[in-house]
Amino acid sequence: MIKDDCIFCKLANGVFPTNKIYEDDDFTVILDAAPASRGHALILPKQHCDNLYVLPDEIGAKVMPVAKKVASAMKKALSCDGVNVVQNNEPAAGQTVFHFHVHVIPRMEKDHMGLVWKPGKPTDAEQAETCRILSDAMK
């Protein structure tokens with residue numbers, strides 16, 4: 001399904017011109033219009049789904065091989081030192097366009113871009129409780 005009012009549906013399906021670097025039956029990969037670094041790319045499914053929670057399993061199974069292909073091309077072509085593969089869901093996590101997509105961001109040593117967090121220090125009891133409630137929710 002393509003959603004008429006979704007900019008990423010339009011970009012993924014060729015309605016608007018893009019800086020496309022890859023395409024297959026399920027995905028279009030484009031350069032981000034406001035990149036975090038040179039080569040920052042977005043993997044856009046051609047079919048609409050708002051986020052990870054409703055992503056069809058068959059599309060989810062195909063997205064990481066595409067990310068691997070894009071990351072490998074970045075390593076080869078841009079000589080980056082690493083990549084971040086980032087996927088945000090809902091505003092609290094930084095999602096601003098409500099069409100599932102994956103960022104592949106080339107990184108260089110000492111680029112000072114961020115995407116890190118301060119590690120927490122939960123107690124063993126807190127970890128056990130979190131493990132219990134998440135395990136129960138997985139059932």
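Strand β2 (residues 27-31) is largely enclosed by the rest of the structure, because four of its five residues are buried. Buried means under 20% relative accessible area, with exposed over 50% and partly exposed in between (1.4 Å probe, protein chains only). Strands (E, at least two residues) and helices (H or I, at least four) are DSSP runs, numbered from the N terminus.

This is a predicted model: local features need pLDDT of at least 70, side-chain atom pairs count only at pLDDT 80 or more, and totals for chains, interfaces and linings use all residues. Residues are numbered from 1 along each chain as its sequence is written, and side-chain values use heavy atoms, leaving out hydrogens and water.

**Partners of β2**
- Two strands pair if DSSP finds at least two bridges between them.
- β2 runs antiparallel to strand β1 (residues 20-23), and three bridges join them.
- Three residues lie between β1 and β2, which form a hairpin.
- Within this pair, Ile30 of β2 stands opposite Lys20.
- β2 also pairs with strand β3 (residues 41-45), in the antiparallel sense, over five bridges.
- Here Leu31 stands opposite Ala41 in β3.

**Phe100**
- Phe100 sits in the loop between β4 (82-86) and β5 (102-107).
- Its relative accessibility is 3%, so Phe100 counts as buried.
- Contact means heavy atoms within 4.5 Å.
- Not counting residues up to four places away in sequence, Phe100 touches Ile43, Pro45, Cys49, Asp50, Asn51, Leu52, Leu55, Val63 and Gln87.
- Ala137 is 37 residues from Phe100 along the chain, and their C-alpha atoms are separated by 23 Å.
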